[in-house]
Amino acid sequence: MVFSVKEQKELVDHPEHYNKGIEVIDFIESWDMDFNTGNVIKYVSRHKLKNKPLEDLKKAKWYIERLIKNIKKEKQ
């Protein structure tokens with residue numbers, strides 16, 4: 001399949017299959033989320049759109065566990 005330059009740009013900048021009313025990146029930025037929290041939202045939000053949904057949920061879990069570890073460190 002050959003894509004035009006415009007179609008290639010849209011696949012990178014604003015992929016239609018990731019836009020369900022609001023793009024995840026816009027939601028993350030509007031809530032001023034840090035990197036780890038944003039990745040949790042990203043992976044959970046998109047997991048059904050991927051070929052390997054379980055892999056994305058495992059990635060989200062990894063970021064959640066990192067957030068928990070960081071919060072525990074801060075409380076010490």
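**Labels and their cut-offs**

Guide: Start with Y63, which touches F35, N36, N39, V40 and Y43, leaving aside residues up to four places away in sequence. This is a predicted model, where local features need pLDDT of at least 70, side-chain atom pairs count only at pLDDT 80 or more, and totals for chains, interfaces and linings use all residues. Residues are numbered from 1 along each chain as its sequence is written, and side-chain values use heavy atoms, with hydrogens and water left out.

Visitor: What makes a contact?

Guide: Heavy atoms within 4.5 Å. By that rule H47 touches P53, D56 and L57, again not counting residues up to four places away in sequence.

Visitor: Why is Y63 called buried?

Guide: Buried means under 20% relative accessible area, exposed over 50%, and partly exposed in between, with a 1.4 Å probe and protein chains only. Y63 has 14%, so Y63 is buried. H47 is at 15%, so H47 counts as buried too. Of the 76 residues of the protein, 20% count as buried.

Visitor: Why does F35 count as exposed?

Guide: F35 has a relative accessible area of 60%, so F35 is exposed. F35 lies in helix α3, and Y63 in helix α4. For Y63 and N36 the figures are 5.7 Å and 27 residues.

Visitor: How do you know what is a helix?

Guide: Helices are DSSP runs of H or I, at least four residues; strands are runs of E, at least two; both are numbered from the N terminus. The protein has 4 helices and 0 strands. The order from the N terminus is α-α-α-α. H47 sits in the loop between α3 (35-46) and α4.

Visitor: Why is α3 called roughly antiparallel to α4?

Guide: Axes are lines fitted to C-alpha atoms, for helices over the stretch in contact, and angles run from 0 to 180 degrees between N-to-C directions. The α3 and α4 axes are 8 Å apart, at an angle of about 155°. That angle makes α3 roughly antiparallel to α4. The cut-offs are under 35 degrees for roughly parallel, over 145 for roughly antiparallel, 65 to 115 for roughly perpendicular, and oblique for the rest.

Visitor: Which residues of α3 and α4 meet?

Guide: From α3, they include F35, N36, V40 and Y43; from α4, they include L57, A60, Y63 and I64. By class, the contact of α3 with α4 has 9 nonpolar, 4 polar and 4 charged residues. Ala, Val, Leu, Ile, Met, Phe, Trp, Tyr, Cys and Pro count as nonpolar; Asp, Glu, Lys and Arg as charged; the others, Gly among them, as polar.

Visitor: What makes D32 stand out?

Guide: D32 has a positive phi of about 55° although it is not a glycine. Most residues other than glycine have a negative phi. D32 is in the loop between α2 (24-30) and α3. At 70% relative accessibility, D32 counts as exposed.
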